[in-house]
Amino acid sequence: MTNAQGSVTGKRVLVVEDDYFIAKALARSLRAGGADVLGPVATVADAMDLIDTEPLDGAVLDINLRDGDLVFPVADALTERAVPFIFASGYSSGAIPERYAGIVRCVKPVEADAFRALFSPAP
Amino acid sequence: MLRREKALGDFGEFAQRSDDLNKVLTQACRLVAEVLGTGQAKVLEIEEGGTSLFVRAGVGWNPDIVGKVRLPLDEHSSENFAIKAGKPVIMEDLRQEQRFDVPAYMKEAGVQALANVPIFLPGHRTYGLLQVDATEPRDFGDEDTEFLRTYTTILGPVIDRLLNLQVMNRAEERFRHIVEGTRDYAIFLTDAEDRITDWLPGAEAVYGFTVAEALGQPAAILFTPEDREQNAPQIEVETARLEGAAPNVRWHVRKGGGRVFIDGAVSALYDADGVVRGFLKIGQDVTARRRSEAALRESEARHRLLIGSWAQAVWEVDANGVVVADSPSWRAYTGQTVEEWLGNGWFDAIHPDERAYAERQWREAIAARGFVDAEFRVRAPDGSWRWTNVRAAPVLDATGRIEKWVGMNIDISARKRAEWALIHSEGQLRDLVEGVSQLVWRAIDGSDWIWASPQWTAFTGQSEVDSHDRGWLEPVHPDDRPIALAAWDKAGVAGGFEVEYRIRNAATGTYRWFQTRAAPRRDARGEVVEWLGTSTDVHQLKALQQSQAVMVAELQHRTRNLIAVVRGIADDTMEQTGPTEAFRLALGNRLSALSRVQGLLSRAEVEPVTLAAVVHLELDALGAGASGDRVRVAGPDVWLRNSTVQTLALALHELATNARKYGALSHDRGQLAVTWSEHHQAGERRLMLEWIETGLEHAPQRTQPVPDGSGYGRELIEQALPHALGARTTYRLTETGVRCTIDLPSRPDPHEGETP
């Protein structure tokens, strides 16, 4: 399921996803790859708490969160800390600001292989 | 005595020499005053009507009396008595006089005595009185009286002759005045051979020849060559000779060859023996009238022709509008009989709705003596109605009074139909143009507007005039103006255009999107006359299109999430059951629950999902809805956020499934109460749902502890709802059954859209 290059093994990965089932599936998938999952959390506030308090290697971010929140403050905080992340969204296009053009975007349901992009150089 | 006879002789001689009545009468007074030695005498003439006397002549009287004074022929006067009695009346002394009243002027003149002697004309006609006045009382003796009677007897015939002469003189003078003064009548005399012997001024004026030129000429020179050729002059004179007179109505020739139309006659003049000695010719120059009559006849003919081709009916009525003459054309036009038409029957042919109007028009025309020009309906012979234009004009007589009215009817049914059709179609078009929601306008020469509909003004606040030419650009969004003008550039070649731009709404101050279309209107040759355009508000349409795009994206999002959820659930289920038949059943039920709630969500945009709907959905799926008293579902109408529905439905599905398998719905004595209420917390609207199962202690086969199957329900309550929905939940398993509370945000307003 994983190989040396881009492996999530041993990485501390934050999951931000408001849907319980999807969050749980993402977490399960990451754990299966050997990652250490932080969260999942469903709100920007909870995500910011973890970013501020926990060391992170990467993150998987849903875009539309609970109560209509958008995940972008979280993305900006991660960019600031040089923590790699990918988007996981139900939307196929649009709704993502220009500044995230270089960020990998996965369409749900996210395949486990998609996590490799987190820790590989951009293609 | 001799003096008296001499006086009579002198007077007769004087009277024969003089034709002047006044002089003769004055002389008569002088002679009588001398003979009687009174120094005063006068002649009083009875004036016409016989009620007054006029001091015609007198001597010894002031000039302000003679020829001036008139006195009434008073009943109590001596004058009156003398006239009535026909004999002299003597008053010897006025101071003693008691029989008669004496006129004031006489008393003032100091008259003391007088003699009144009536003067008779031949045939016993009374002319007046000879009155001899004396300033001393005096006895007019028999001799004096006899003299006066003789004197007046001579005086009567003298006066009579002079009066007749006076009348003749006046008549002659009048005749001369008429004959010589008139210039309209040509009068001249000819001898028996019809040569001109007398040529009066009127003849000179009419014919142009002077007296010298005319005298001795044959009258035939005044006839036209054509008439001379026909021997008209001779025939006319011979007719007059035989019959006494002959008409002379024909064109004559003036000096210089001009023509003049004479309406006159020739009369024969006879000598004492009855032999014709000449002819009197009198004629009036009626050339002008003749010409105007000819013109009138011509214009009448022309009018008849005109009227015949125009009017359907021609008629005449009297001054009051009453019909007295038949009009065959009216009868043909209306189908009325003569009897119906005569009098005021024509009113019956007018449409009842317009009779009052027609009558008023008539009355006003008669009052104003003006023309009638009215339009109304009259009955046609077939009983239908047709529109007619009535025109009538008054014919005035010589004194300016209305003699009669002449009128005609012009049928205007076709014109009226055309007018109505036009009005109708114009009205329809206007209604259409002004009734549609579009802003309508007309333009020429490309983009120059010439008209904008009221809707344009209402929407933009720009006046119709201000929109003209390129004024319409002003309300157009500045960013869109180039687009709007560019559309016109291609309109001519493309034969129209369709473009979308924003127009400012004056009421809200905001811009709305309009789709503007223009199409050319062409003349018969295909040239573009003008452009007709409409601008349709597509703002809402555009908004709908945008929201539709959002909805499609949302659907996509939801579907993809759903698959992810399904995968997660499948994984969870297998973890729980292992790859077994139990896995297949449990997964199947959970996917069914997921499917059911999609049904609710698919309509959520239109019909917001209520909590009751979700609860019933899951209970009904298990057949628990029909469990009667054992299941109680109660709560107010509460709407759920769309993001809440799916997770909550899955949680309720697990609760219901557990209740069916192991809890209150698994045996006859179990009871389930699902109740909820709304509350507010920190300004947030929330709902509190309680799921309470009781009667577990009565279950025939109590299974303790609750099997693993309930674990997933508990997980969803305790973990999934807080995670996904921010819910506060409790889940307890007691001796009597499951007690569960879910406190989560609800949807404030079911009709307010929710951000996905």
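The dialogue below goes through several structural terms as they apply to this predicted model.

Trainee: How do you know which parts of the model may be discussed, and how are they labelled?

Mentor: This is a predicted model in which local features need pLDDT of at least 70 and side-chain atom pairs count only at pLDDT 80 or more, while totals for chains, interfaces and linings use all residues. Residues are numbered from 1 along each chain as its sequence is written, chains are lettered from A and ligands numbered from 1 in the order in which they are written, and side-chain values use heavy atoms, with hydrogens and water left out.

Trainee: What makes B:D194 count as buried or exposed?

Mentor: Its relative accessibility is 9%, and buried means under 20% relative accessible area, exposed over 50%, and partly exposed in between, with a 1.4 Å probe and protein chains only; B:D194 therefore counts as buried. By contrast, A:A82 has a relative accessible area of 64%, so A:A82 is exposed.

Trainee: Why is strand β7 of chain B called largely enclosed?

Mentor: Five of the seven residues of β7(B), residues 185–191, are buried, so the strand is largely enclosed by the rest of the structure.

Trainee: How do you know which strands pair with β7(B)?

Mentor: Two strands pair if DSSP finds at least two bridges between them. Seven bridges join β7(B) to strand β11 (residues 276–285) of chain B, antiparallel, with B:G278 as the bridge partner of B:D191, and three bridges join β7(B) to strand β8 (residues 196–199) of chain B, also antiparallel, where B:L189 stands opposite B:D198. β7(B) and β8(B) form a hairpin with four residues between them.

Trainee: What makes the span of helix α20 of chain B agree with expectation?

Mentor: Helices are DSSP runs of H or I with at least four residues, and strands are runs of E with at least two, numbered from the N terminus. The expected span is 1.5 Å times one less than the number of residues, so the 20 residues of α20(B) should span 28 Å, and the end C-alpha atoms are 29 Å apart, which agrees. The helix is also mostly covered, with 17 of its 20 residues buried.

Trainee: How do you know the way in which α18(B) packs against α20(B)?

Mentor: Axes are lines fitted to C-alpha atoms, for helices over the stretch in contact, and angles run from 0 to 180 degrees between N-to-C directions. On that basis α18 (residues 581–602) and α20 (residues 642–661) of chain B pack at an angle of about 145 degrees, with their axes 9 Å apart. Contact means heavy atoms within 4.5 Å, and among the residues making the contact are B:A593 and B:L594 of α18(B) and B:A649 and B:L650 of α20(B).
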